Amino acid sequence: MTGIAGDLAAREAALAQRGYRLRPARLRDVPQMLTLINGFASQGEMLPRSASELYEHIRDFLVIADPDDGVAATAALHVLWDDLAEIRSVAVSETLHGQGIGAYLVEKCVEDAERLGLPTVFVLTHKPGFYEKLQFERADVLSFPRKVWSECIRCPKFSNCDEIAMSRPVARAFTGRLPSDDDLLDPIRR
Ligand SMILES: CC(C)(COP(=O)(O)OP(=O)(O)OC[C@H]1O[C@@H](n2cnc3c(N)ncnc32)[C@H](O)[C@@H]1OP(=O)(O)O)[C@@H](O)C(=O)NCCC(=O)NCCS
């Protein structure tokens, strides 16, 4: 296996040797996911999440389970429309930082986006350097109007958002019809 698929397989094997494995999140993971995510959020590193958000979106989440099946890391791919998805809540336990786990989770989310036929993924982050390493480029959040008008508008930080928007094309481009500006302005027709 070569390229990204080969890199991911090698990373997966290295983690497995140490008893860590990737799996979809389960409802019983939510308390540990909240502790991990909201621990970093309390230090201003990422957005906090509520239990209800995690339960509602549990199928978006991947976790890295530790040898005791506890949650060592999380990441989610949240689909917004047929041409756009957000990677969010990427969090790796502090003791495991710098071992490629964050990058591995982001690549698995991108792989999932490719499987679904999405052309682009984006993030809103305080860690642009991390995402730059993963080939994301800075973007204007207003170029994601579905995000802004469906979710950002409800965020308490809407008027003074300090997160940086970044996006990355997904390897295999979507070939279907992309929504036009008219579609965005006239959701009732859809
Ligand atoms: C940001 C975070 C997810 C990175 O996870 P990680 O497993 O430590 O990162 P990786 O080991 O996969 O790093 C991949 C690459 O990014 C680099 N990197 C990691 N964190 C970085 C940062 N904060 N700034 C710049 N580069 C960073 C690494 O050096 C590595 O580079 P290399 O390939 O040249 O060696 C992790 O530090 C974390 O959970 N932080 C708290 C929550 C958070 O800020 N999440 C970000 C989402 S908004």
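Tutor: Happy to! Keep in mind that this is a predicted model. Let's begin with the sheet.

Student: OK, how many strands form it, and in what order?

Tutor: There are 7 strands in an open sheet, and the order is β1-β2-β3-β4-β5-β7-β6. The pairing is mixed.

Student: Which strands stand at the edges?

Tutor: Those are β1 (21-24) and β6 (137-138). Each has a single partner strand, so one side of each is left without a neighbour in the sheet.

Student: And what holds strands together in general?

Tutor: Strands of a sheet pair through backbone hydrogen bonds, and the pairing can be parallel or antiparallel.

Student: Let's zoom in. How do β2 and β3 run, and how many bridges join them?

Tutor: Strand β2 covers residues 61-65 and β3 covers residues 71-81; they run antiparallel and 5 bridges join them.

Student: How many residues does the hairpin from β3 to β4 go through?

Tutor: That hairpin goes through 2 residues. Strand β4 (residues 84-92) runs antiparallel to β3, with 7 bridges joining the two. Val-79 has Ala-85 in β4 as its bridge partner.

Student: Next one along: do β4 and β5 pair in the parallel or antiparallel sense?

Tutor: Parallel, over 2 bridges, with β5 spanning residues 120-125. Here Glu-86 has Phe-122 in β5 as its bridge partner.

Student: Switching topic: which strands does helix α2 touch?

Tutor: Helix α2 (residues 30-42) packs on the sheet and touches β3 and β4. Its direction makes about 85° with that of β3.

Student: And where does helix α4 lie?

Tutor: Helix α4 (residues 101-116) lies across β1, β2, β3, β4 and β5. It runs at about 30° to β3.

Student: Back to the sheet, then. What about β7, how is it joined to β5?

Tutor: Strand β7 (residues 164-169) runs antiparallel to β5, and 6 bridges join them. Thr-125 has Ile-164 in β7 as its bridge partner.

Student: Which residue of β7 is opposite Glu-137?

Tutor: That is Ser-167. Strands β6 and β7 pair in the antiparallel sense over 2 bridges.

Student: Great, thanks!

Conventions. Residues numbered from 1 in each chain as written. Predicted model: local features only at pLDDT ≥ 70, side-chain atom pairs only at ≥ 80, totals over all residues. Pairing = 2+ DSSP bridges. Helix = DSSP H or I, 4+ residues; strand = E, 2+ residues; numbered from the N terminus. Contact = placed C-beta atoms within 7 Å. Axes fitted to C-alpha atoms, helices over the stretch in contact; angles between N-to-C directions.
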